[in-house]
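Hi everyone, thanks for making time this morning. I'd like to walk you through one model, starting from the overall fold and then going to a few residues. Have a look at it while I talk.

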Amino acid sequence: MYGIVASLIVLLLDVVAPITFLFALWNRKTWAASLALSYIAVFILNSTVAFFAVREQLGLLPILIPLLVNVVFFIIIYRSRSYFMQ
């Protein structure tokens with residue numbers, strides 16, 4: 001993706017989604033866990049695709065470390081999703 005479309009996706013993933021999650025976390029919205037799990041799943045999928053597509057160019061560590069960190073966050077949020085139920 002290039003140009004405006006890529007810029008909008010980056011804006012959505014790097015700015016809008018985290019701010020929305022922080023707002024939902026602060027207010028204990030019931031949809032916050034679903035948003036966070038979906039958001040993290042996108043990055044897990046991205047790391048998985050990168051592992052197969054650009055592993056030779058990037059190396060293993062720059063792909064596996066974010067993948068493992070995202071899996072850990074996914075598990076933490078999944079286990080504590082009852083926090084968001086009011």
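The secondary structure comes to four helices and zero strands, where helices (H or I, at least four residues) and strands (E, at least two) are DSSP runs numbered from the N terminus. Along the sequence, that reads as α-α-α-α. Before I go on, a word on the source: this is a predicted model, local features need pLDDT of at least 70, side-chain atom pairs count only at pLDDT 80 or more, and totals for chains, interfaces and linings use all residues. Residues are numbered from 1 along each chain as its sequence is written, and side-chain values use heavy atoms, with hydrogens and water left out.

Now the overall picture. The C-alpha atoms fill a box of roughly 45 × 30 × 15 Å along the principal axes. Of the 86 residues, 19% are buried; buried means under 20% relative accessible area, exposed means over 50%, and partly exposed is in between, with a 1.4 Å probe and protein chains only. Contacts are heavy atoms within 4.5 Å, and of those with a separation of 6 or more, 58% join residues 24 or more positions apart.

So what makes up the largest nonpolar core? Eleven residues do: Phe 21, Ala 24, Ala 32, Ala 33, Ala 36, Leu 37, Ile 40, Ile 44, Leu 67, Ile 77 and Phe 84. Such a core is a set of buried Ala, Val, Leu, Ile, Met, Phe, Trp, Tyr and Cys residues joined through side-chain atoms within 4.5 Å. Two or more residues each come from α1, α2 (32-53) and α4 (61-79), and α2 gives the most, with six. Take Ala 32: leaving out residues up to four places away in sequence, Ala 32 touches Phe 21, Ala 24, Leu 25 and Phe 84.

Asn 70, in helix α4, counts as buried because its relative accessibility is 15%. Beyond its neighbours within four places in sequence, Asn 70 contacts Ile 40, Phe 43 and Ile 44.

And on the outside? Ile 19 sits in helix α1 (residues 3-26) and is exposed, because its relative accessible area is 53%. Ile 19 also belongs to a nonpolar surface patch of about 650 Å², together with Ile 4, Leu 8, Leu 11, Leu 12, Val 15 and Val 16.

Terms used: Patch = residues over 30% accessible without salt bridge, like charges linked within 9 Å, V, L, I, M, F, W, Y side chains within 5 Å. Areas by Shrake-Rupley, 256 points an atom, 1.4 Å probe, with all protein chains shown as cover. Salt bridge = Lys/Arg side-chain N within 4 Å of Asp/Glu carboxyl O.
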